Amino acid sequence: MIHALSRGLKVASTVIWLMAIVLEAVPLARAAEAKFIRHYKLFYSYLGFILLRDLWLLGVYFRWPKFYTYAYWSSEPVGVLVGCGLVWEVYKVALARYPGTARMARNALAFLFIFTTTRIFVKAWNRPTWIPHRTGYEIERDLRIVQLALLAGLVVLFVCYAIRLGRNLKGIIYGYGLFLVTSVVNLTLRYDLGDSFQRSWAYIQPFCYLLVLLVWSVALWSYAPIPEPTSEPRLEADYESLVAAAKRKMYSARSHVLKAMRP
């Protein structure tokens with residue numbers, strides 16, 4: 001009975017995996033057919049990478065099952081980095097009409113990525129022992145948290161200024177946001193509780209991922225640009241005011257320093 005249940009779960013897991021591969025291919029095929037891949041190149045690059053990776057892992061799982069765990073974790077860092085590119089593209093597209101804010105956002109993205117990466121390597125270097133899989137969980141979790149915080153910040157910014165995102169961009173953000181939330185929960189609890197937690201979560205996370213792919217398939221079935229604002233938002237004006245205030249404070253601080261240095 002236990003053997004039959006285990007076999008049934010394995011079959012169900014394979015079916016879900018195959019469904020995910022189909023749902024990964026659908027938005028790519030639709031965008032290629034309708035010729036709007038160029039509008040979200042990094043998003044479709046991410047989706048293409050995930051599709052090829054799943055096909056490769058599926059082959060490894062059935063042909064060389066002993067190497068599956070190694071194959072999965074060796075490809076995971078690449079997926080995280082490509083996901084960072086997706087977040088960057090979301091900011092680029094969303095803030096295309098606001099060059100000053102976009103420039104500040106790009107600097108903030110670069111700073112957070114460099115800061116998080118440096119912090120991760122410093123922590124790993126200072127550890128007395130290197131535990132590859134636990135370190136991998138922590139590295140991916142920290143980068144996923146940064147991505148999630150950046151997407152949440154963009155949504156808050158657009159809500160505060162009543163700026164519409166458009167169906168495509170909204171679908172990308174909400175779908176990837178759901179993926180990030182479930183990934184952070186999984187990686188945090190798996191890091192703290194060990195592989196025992198993964199055995200139960202392994203049947204929950206695939207359904208969450210299927211929901212993510214469904215959101216993307218519906219939201220990106222056709223191209224929908226960001227709607228033109230009915231009135232000019234104060235986003236860029238507030239950014240310029242912030243920059244002017246920062247410059248005034250910087251000049252004032254420099255004047256005080258120069259005065260203090262005079263004999």
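A search of the whole structure finds two cavities of 30 Å³ or more, a cavity being a set of points, on a 1 Å grid over the protein atoms alone, where a 1.4 Å probe fits but cannot get out. The structure is a predicted model, in which local features need pLDDT of at least 70 and side-chain atom pairs count only at pLDDT 80 or more, whereas totals for chains, interfaces and linings use all residues. Residues are numbered from 1 along each chain as its sequence is written, and side-chain values use heavy atoms, with hydrogens and water left out.

The largest cavity has a volume of about 40 Å³, taken as the space filled by probe spheres set on the points. Its lining consists of Trp-88, Tyr-91, Lys-92, Leu-95, Ala-102, Ala-105 and Arg-106, and helix 3 (68-94) and helix 4 (99-126) each contribute at least two residues to this lining. By class, the lining comprises five nonpolar, no polar and two charged residues.

In helix 8 (residues 205-219), the end C-alpha atoms lie 21 Å apart, in agreement with the 21 Å that its 15 residues should span at 1.5 Å a residue. Within helix 8, Gln-205, Tyr-209, Leu-210, Val-212, Leu-213, Trp-216, Ser-217 and Ala-219 are buried (under 20% relative accessible area, 1.4 Å probe, protein chains only).

The protein chain averages a pLDDT of 78, and 72% of the residues score at least 70, on a confidence scale from 0 to 100. Confidence is highest in helix 2 (residues 41-63), at a mean of 93, and lowest in helix 9 (residues 235-261), at 57.

Definitions and conventions
pLDDT = per-residue confidence, 0-100. Helix = DSSP H or I, 4+ residues; strand = E, 2+ residues; numbered from the N terminus. Expected span 1.5 Å × (residues − 1). Buried < 20%, exposed > 50% of the residue type's maximum accessible area, 1.4 Å probe, protein only. 1 Å grid on protein atoms, 1.4 Å probe; cavity = no way out; pocket = protein on both sides within 12 Å on 5 of 7 lines; lining within 4 Å. Nonpolar A, V, L, I, M, F, W, Y, C, P; charged D, E, K, R; others polar.
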